[in-house]
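I opened the model to look up its helices. These are my notes.

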Amino acid sequence: MTPISAIGKYLDQPLLTAKISKHIPTALAVGGVGVLAHEIDKAPETKKFKTGVKTAIILGATGVSAVYAPKIAAKITKRELAKPISEIQKNNTKIIDEYLSKTNVDDSIHSILEKAKTKVLSLKEVAKLNTKEHKSFIDKLIPPPENIQAKDIFKEIGWLSIYGAVPVAGGIAGGVVADSLTEKNWKQRIPNKINEGLYQYLANIFLCNIGAGTALAILEKKNITSKTARCAGMVGGIILTGVIGGSAIANFIGKKVINPIMCKDKPQETRRPELLDIGLHVDDIATVSLLSGLKWIEPALPLLYSISGYRAGIGYRNHHNHSNHEKQAHFLRQEC
């Protein structure tokens, strides 16, 4: 059976992470085409063209903003961007050549090392290298995760929060543009987009990050370094601030600020958590992983955050008692 440590090393390969990141735009495009086809298919016959135009614009804006989100967040927070594949390959080659010049290895290990210069190793190959004999070398080639220090926690939280804000903002902007091109009363649809954007950002992204970071800071202060304890503490912080508090705060802001300014004649509809909202907290696993020093899940963030951006763009609100036709009609109306 493959040791768990080898699985961790396999996932932490810089080349693997970089190659996943490279294919994220394609994954977003393929997913977007699927969503577009689904929305057009379920739309009433007379509304299919309009639905297609609106959905395509929202998906396009959300997808582009999700792709550029890491660069924008890194620039604002002055965080180092992930290295490109060519630079990683160059670094791998240097590390391996230095090791081989000083160490005698058998042909099978030599073959694996030659492959590791430019390609992702299989789990079996990583396991063969992940031994006491090659410990110092493998840690140079595939750096082990490091616990983030207290002084860096909220810098990392800031990066994650800006990262998540960009696709949500992109979704809202795309939704407004889509409505302005297809609807006469497009201005009346803006509040739902802002309210949903607030809900997605506060409940599913920002406050979850704050909860995880606060819990981690407390654990750091108490000199608790156990990864299990750190993960448990961060999950607890996420539940308290994001899952429980985020929904309430977002609804409060919508009711007391957004609607009185932009939608005076209609009371704020309370947004309740749904199954998909709970599913979106998968991105909190990414938060916990990143704050625990694991980088392999980072490439998936654009996919996770783009879902929040899309729902903000269509101005989604709860409609538990509506038929499918009524839900589609509401998507086309989306007004105060």
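I started with helix α9, residues 190–221. Its 32 residues should span 46 Å at 1.5 Å a residue, and the end C-alpha atoms are 44 Å apart, which agrees. The expected span is 1.5 Å times one less than the number of residues. Helices here are DSSP runs of H or I, at least four residues, and strands are runs of E, at least two, numbered from the N terminus.

This is a predicted model: local features need pLDDT of at least 70, side-chain atom pairs count only at pLDDT 80 or more, and totals for chains, interfaces and linings use all residues. Residues are numbered from 1 along each chain as its sequence is written, and side-chain values use heavy atoms, without hydrogens and water.

I checked α9 for a bend and found about 45° at leucine 202. The bend is the angle between axes fitted to the seven residues ending there and the seven starting there. I then looked at burial: 24 of the 32 residues of α9 are buried, so α9 is largely enclosed by the rest of the structure. Buried means under 20% relative accessible area, with a 1.4 Å probe and protein chains only. Asparagine 223 follows α9, and its phi is positive, near 60°.

Next I looked at the whole chain. I found 14 helices and zero strands. Of its 336 residues, 46% count as buried. Among contacts (heavy atoms within 4.5 Å) between residues at least 6 apart in sequence, 79% join residues at least 24 apart.

Key: Buried < 20%, exposed > 50% of the residue type's maximum accessible area, 1.4 Å probe, protein only.
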